[in-house]
Amino acid sequence: MTKNKKLLAWVAEVEKMCTPDRVVWCDGSKAEYDRLMAEMVASGAAIKLNEEKRPNSFAFNSDPSDVARVENRTYIASVNKEDAGPTNNWIDPVELKKTMTELYAGCMKGRTMYVIPFSMGPIGSPIAKNAIEITDSPYVVCNMHIMTRVSTEVLRLIEKTDEFIPCLHSVGAPLEPGQKDVRWPCAPLEKKYIAHFTDENLIWSYGSGYGGNALLGKKCLALRIASNMARKEGWMAEHMLILRFTNPEGKQFHIAAAFPSACGKTNLAMLQSTVPGWKVETIGDDIAWMKPGPDGRLYAINPEAGFFGVAPGTAAYSNPMALAACAKDAIFTNVVVTPDLDVWWEDMGVKCEGGTDWKNNPWTPDMKDAEGKKIKGAHPNSRFTARAANCPVICPDWEDPAGVPIDIFVFGGKRTAVMPLVHEAFNFEHGVYMGATASSEATAASLDQAALRFDPFAMTPFIGYHAGDYLQHWFDMGDLLGDKAPRCFYVNWFRKTDDGKWLWPGFGENSRVLKWMCDRVEGKVGARETAIGLMPREGDLTLEGLNIPAADWAELMKVDKELFKSTLADAEKYLAAFGDKLPVRMKEQLEALKKRLG
Ligand code: OXD
Ligand code: MN
């Protein structure tokens, strides 16, 4: 409990509105986690996994309608509509509060209301933020234990500062007396709302128990609300992994990279370098909060404490470090549970005879649907929630409240054609253009997406204000950082041949590309100038031992001016939606690129 009047008043107000059977103040302790998990196992919501194979780990299956973030039910409810901009859904905050208050009325009946004090970032760090999530989902409480720092210490800080970010969440499934609960309570899609009242830093989420819809510290607070705060306060809240790359002489480079979901962000964050003597250590796999430090450089912290990683595709060949991170103390959502009570998912790199699939049905790998298509055992957006501290390559100082100085920004997306393996921006402004026009093919992490979408800085679903102002903020940060601004690069690990073969081996071999970037920063290698940016010269990016046919390499490095020109019209059309708020410098960059392409 707390003595803070503001917090007590808010909790009392929510209790009155939602009418839970009881209120529990969480303390983040192991005893609390164990108690909630035991209750969920007893109710049938959770499966306790084999203690020998997967110590202290649990599996959950969601309702089939509640498997991903719901972007078309996510709102930026700013007072002024134009503050939400073209990339957000907007509803007037008064109207949305009215609609949601009606939904919230009595919505926690028959349930426990948990009050979770948490910090995004190391507790007490000058970059960290204190927050409270109120939820009626014990699954959310346990995930928050892993993904954030849940502690009564946060209550003490709130008592001192009188400041916290209120985050209200309900699964939207009240229980009548005697009514038996379902395994995964949630509300139908048309009743789901993920709302951000950005003028008062308030989050209201209703109807979904899944991931970013419900673990409100992640996308809602650390990106949508924080991006607003960052713009006002002169810092950056970005959808970026953070890694440290150390060369054989011990020199450290810090890289922050923005990719949309399912483009291998977690894999890159934990990459096993194949470049002799070079080593990667992880600081974060999803979000970076970055502020200029006293020396004028940009310092980054990971505001999270765990990884909410996409399970399918996580394998010994792709990301052994993520597998190790979820070898114990983990939560799995929507994966296959095997008869010996372990977990499995597609592309895990191990054989599976069968088990119970994510829809709770008996499943074998040879099962097909009516159209003859293989039935997947795990949902494509199934997840592991793992403690960052359990990752073998976590940086020893990943929790340093001062953060790490960023040398390099990497942007990218999944493009099977057009985009070469790597190119560098001519300067920071050009880098902003590259990040702003990044595009990617669709992902399973969101329910509503076109086949190819422009995704500026991989932030489309997470910019909590007008995207034009957001691009301007990037230029402004460049002005502030001057010659201390990170160098900008664009990568594409996903090029394919016309007959569908990957052109680049990816995974650990991506370290070769990162090394080229570090060599560029150090001035050790030159580059050849192309119309779209600076690219490796012959031999500068070592391919030794890779067996890449010369023709494939040429394709990976090709800048097809005609193809690029044809994509410019799409970029122009996309940026036109930013209206008057499209920064002048974006237009200048676009014109300059057009000219270079001839
Ligand atoms: C995520 C996402 O879950 O970006 O990190 O969707
Ligand atoms: Mn993400």
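The donor residues of the manganese ion (ligand 2) follow the spacing K-x19-H-x46-D in sequence, and in this predicted model the protein donors are K219 (NZ), H239 (NE2) and D286 (OD), lying 2.2 Å from the ion. Donors here are N, O and S atoms within 2.8 Å of the metal (3.2 Å for Na, K and Ca), and since water is not among the atoms, sites may look incomplete. Local features need pLDDT of at least 70 and side-chain atom pairs count only at pLDDT 80 or more, whereas totals for chains, interfaces and linings use all residues. Residues are numbered from 1 along each chain as its sequence is written, chains are lettered from A and ligands numbered from 1 in the order in which they are written, and side-chain values use heavy atoms, with hydrogens and water left out.

**Manganese site**

- K219 in helix 7 (residues 217–233) and H239 in the loop between strand 11 (236–238) and strand 12 (240–246) link distant parts of the chain, 20 residues apart; helices (H or I, at least four residues) and strands (E, at least two) are DSSP runs numbered from the N terminus.
- K219 is buried, with a relative accessible area of 6%, and H239 is buried too, at 1%, where buried means under 20% relative accessible area, exposed over 50% and partly exposed in between (1.4 Å probe, protein chains only).

**Ligand 1**

- Nine residues surround ligand 1, and the closest are R69, K219, S261, D286 and R383; a residue is near a molecule or strand if one of its heavy atoms lies within 4 Å of it.
- This shell divides into two nonpolar, two polar and five charged residues, with Ala, Val, Leu, Ile, Met, Phe, Trp, Tyr, Cys and Pro counted as nonpolar, Asp, Glu, Lys and Arg as charged, and the others, Gly among them, as polar.
- Oxygen atoms of ligand 1 lie 3.0 Å from a polar side-chain atom of R383, 3.2 Å from one of D286 and 3.2 Å from an N or O atom in the side chain of H239.
- The protein covers 92% of the 210 Å² of accessible area that ligand 1 has on its own, as computed by the Shrake-Rupley method with a 1.4 Å probe.

**Strand 5 and its partners**

- In strand 5 (residues 112–120), nine of the nine residues are buried; T112, Y114, I116, F118 and M120 point one way, and M113, V115, P117 and S119 the other way.
- Strand 1 (residues 22–25) pairs with strand 5 in the parallel sense over four bridges, with V115 as the bridge partner of W25; two strands pair if DSSP finds at least two bridges between them.
- Strand 6 (residues 129–135) pairs with strand 5 in the antiparallel sense over seven bridges, and I134 in strand 6 stands opposite V115.
- Strand 7 (residues 149–150) is also antiparallel to strand 5, over two bridges, and V150 in strand 7 is the bridge partner of F118.

- Strand 11 and strand 15 (residues 288–292) pair over three bridges, and A237 stands opposite W289 in strand 15.

**Backbone angles**

- Most residues other than glycine have a negative phi.
- L341, not a glycine, has a positive phi of about 60°; this residue sits in the loop between strand 19 (336–337) and strand 20 (343–344) and counts as partly exposed at 35% relative accessibility.

Key:
Polar contact = N/O pair within 3.5 Å; in protein donor to acceptor, adjacent residues only side chain to side chain.
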